[in-house]
Amino acid sequence: MKLDITHIVTLAGSGFGFLLFAGTFGFYFFKHGRKFKFVTKKKFWMPYALGLGVMVLASSCAGGLLALVSGFFTGAGNQGGTLVSRGLTGGDGAAPVAQHTQLTYSGSWIALAVLLFAGLFLWFAKKWEERLLMLSGALTGSTWGLSISLGGLAAWSGIPLANWLGHLIIG
């Protein structure tokens with residue numbers, strides 16, 4: 001099976017992102033005695049939100065390193081969704097469901113800075129749990145975050161915010 005580097009989220013990829021989101025939160029819900037107190041802890045939400053935010057912003061870059069990284073994660077999510085869909089539902093879910101908004105030049109610099117911060121966070125993370133949470137958030141952000149459903153709220157709010165902040169700081 002060949003992994004495609006793409007910025008088009010398929011129905012299977014969007015479903016895989018949602019499954020990963022629900023699975024991550026479900027695992028921690030049961031791990032912490034069926035309580036959602038773990039959500040308030042920084043060691044949970046910081047790596048997950050950082051991974052999710054990085055991939056939503058990176059998926060909105062037109063080219064370069066950020067587009068290559070996000071395209072790899074989106075392609076991996078689509079492939080994972082296709083494998084799960086074929087095995088469990090019998091369909092492949094190849095229909096595209098992505099809406100695509102672009103970062104401006106200044107907003108792309110903000111996304112690059114966030115990617116650098118995420119890379120440093122991954123490098124200096126003390127436990128593997130933090131790294132896995134960040135990767136789970138990144139896969140969710142690259143698939144579910146750019147779909148036109150509920151996950152698209154991250155793209156509708158985060159991308160204009162990064163563009164505005166980049167315009168404010170860089171010009």
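Me: Let's begin at the end of a helix. Which residue just after H1 takes a positive phi?

Reply: That's Gly33, with a phi of about 70°. Keep in mind that this is a predicted model.

Me: Where is Arg34 found, and is Arg34 buried or exposed?

Reply: Arg34 belongs to the loop between H1 and H2. Arg34 is exposed, because its relative accessible area is 60% and the cut-off for exposed is over 50%.

Me: Which residues of H1 are buried?

Reply: Ala12, Gly13, Ser14, Phe16, Gly17, Thr24, Phe25, Tyr28 and Phe29.

Me: And what covers them?

Reply: The cover includes H2, H3 and H5.

Me: Switching to cores. How many residues are in the largest nonpolar one, and which have the most contacts inside it?

Reply: It has 22 residues, and those with the most contacts inside it are Val54, Leu57, Leu66, Leu103 and Ala111. At least two core residues come from each of H2 (42-58), H3 (64-88), H4 (105-124), H5 (128-143) and H6 (152-169). H2 gives the largest share, six residues.

Me: What does Val54 touch, leaving out residues up to four places away in sequence?

Reply: Val114, Leu115 and Ala118. There's also a second, separate core of seven residues, and Phe25, Tyr28, Phe44 and Leu133 are among them. Two of those names came up above: Phe25 and Tyr28 are buried residues of H1.

Me: New topic, helix packing. At what angle do the axes of H3 and H5 cross?

Reply: Roughly 85°, and the axes come within 8 Å. That makes H3 roughly perpendicular to H5, because angles of 65 to 115 degrees count that way.

Me: Which residues meet there?

Reply: From H3 you get Ser70, Phe73, Thr74, Ala76, Gly77 and Asn78. On the H5 side, they meet Leu135, Ala138, Leu139, Ser142 and Thr143.

Me: How many nonpolar, polar and charged residues does that contact have?

Reply: Between H3 and H5 the contact has five nonpolar and six polar residues, with no charged ones.

Methods. Residues numbered from 1 in each chain as written. Predicted model: local features only at pLDDT ≥ 70, side-chain atom pairs only at ≥ 80, totals over all residues. Heavy atoms only, no water. Core = buried A, V, L, I, M, F, W, Y, C linked by side-chain atoms within 4.5 Å. Buried < 20%, exposed > 50% of the residue type's maximum accessible area, 1.4 Å probe, protein only. Helix = DSSP H or I, 4+ residues; strand = E, 2+ residues; numbered from the N terminus. Contact = heavy atoms within 4.5 Å. Axes fitted to C-alpha atoms, helices over the stretch in contact; angles between N-to-C directions. Parallel < 35°, antiparallel > 145°, perpendicular 65-115°, else oblique. Nonpolar A, V, L, I, M, F, W, Y, C, P; charged D, E, K, R; others polar.
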